[in-house]
Amino acid sequence: MDQWKASKESVKAYDLYMRHQRDGGRLQTESILRSRVDLGCALEIGPGPGYEGLEWLMETEDTTLIGLDISEEMVALARKNARDYGLEKRAEYRVGDAGKIPYAKGRFDAVFSINSLHEWAQPIKVFDEIERVLRPGGKYLICDLRRDMNPLIKYFSILCRSRTQKEIRNGFICSVDASYTLQETTDLLAETKLEGWKAEQSSQNIIISGRKEYNAFSAAYAAPARMMPLLLRT
Ligand SMILES: C[S@@+](CC[C@H](N)C(=O)[O-])C[C@H]1O[C@@H](n2cnc3c(N)ncnc32)[C@H](O)[C@@H]1O
């Protein structure tokens, strides 16, 4: 599968592009919150420059974030952006492969990832890892482009990116081509250990959301006391 290679120049160009997306209100923060991924300590897989997670922190209270990205350049940039937001105490970034998440079982209250799935070299391993590091009752949202998006929308999106750098436009085309269809996504998920998932599509995106189920051993992963009333939410 094609991977988006992060050189210093492409990281800088992507940062600028994502800042414009943020300023134009085109981030996925709303989708993350709609999936009720809104409390505790969240893991963000592939945060890139970090805007999605940083905006999520701005919109939520008493939350913290750990971002895991395979690219050193992206992690350095996300750390800098967290400082610029004044959120360095709530956001921590680490270099690593989500196919082997360097945290203990049940460590996170939530996991989310935006536009990164198409780059995962071993997606089944990543989904299994999400299941492992989530606490019982923890929610997740994975959102990515869909390869079979409406051709008119794809054409329009490419046209819009023609005004930005060529690299961003080509990166978008590569990302769409490397992404999954809904059928491929459900086939993939069926092979994983991830529980309680729902996969949907919108005009441009594949959205995977769900909640890790409770089981007989769930008491071992007691959620923070302040969250107990919230545990009753579906
Ligand atoms: C297209 S960028 C999206 C960045 C950000 N989520 C956004 O929406 O702006 C994909 C990111 O996923 C990261 N990535 C790719 N494979 C990864 C893996 N196996 N583990 C962790 N991060 C990964 C890349 O380094 C890159 O920063």
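Student: Is strand β5 mostly covered or exposed?
Tutor: Mostly covered: ten of the twelve residues in β5 (residues 134–145) are buried. Buried means 20 or more other C-beta atoms, placed from the backbone, within 10 Å of a residue's own. Strands are DSSP runs of E with at least two residues, helices are runs of H or I with at least four, and both are numbered from the N terminus. This is a predicted model, where local features need pLDDT of at least 70, side-chain atom pairs count only at pLDDT 80 or more, and totals for chains, interfaces and linings use all residues. Residues are numbered from 1 along each chain as its sequence is written.
Student: Which way does β4 run when it pairs with β5?
Tutor: Strand β4 (residues 108–114) pairs with β5 in the parallel sense, over six bridges. Pairing needs at least two DSSP bridges between the strands. V111 has Y140 of β5 as its bridge partner.
Student: And how many bridges join β5 to β7?
Tutor: Seven, and those two strands run antiparallel, with β7 spanning residues 205–211. There, Y140 stands opposite G210.
Student: New topic: where is P123?
Tutor: P123 is in helix α5 (residues 123–133).
Student: Why does P123 count as buried?
Tutor: Because 21 other C-beta atoms lie within 10 Å.
Student: What does P123 touch beyond four places in sequence?
Tutor: L117 and L188, where contact means C-beta atoms, placed from the backbone, within 7 Å. P123 and L188 are 65 residues apart in sequence, yet 8.0 Å apart in space, C-alpha to C-alpha.

Terms used. Contact = placed C-beta atoms within 7 Å.
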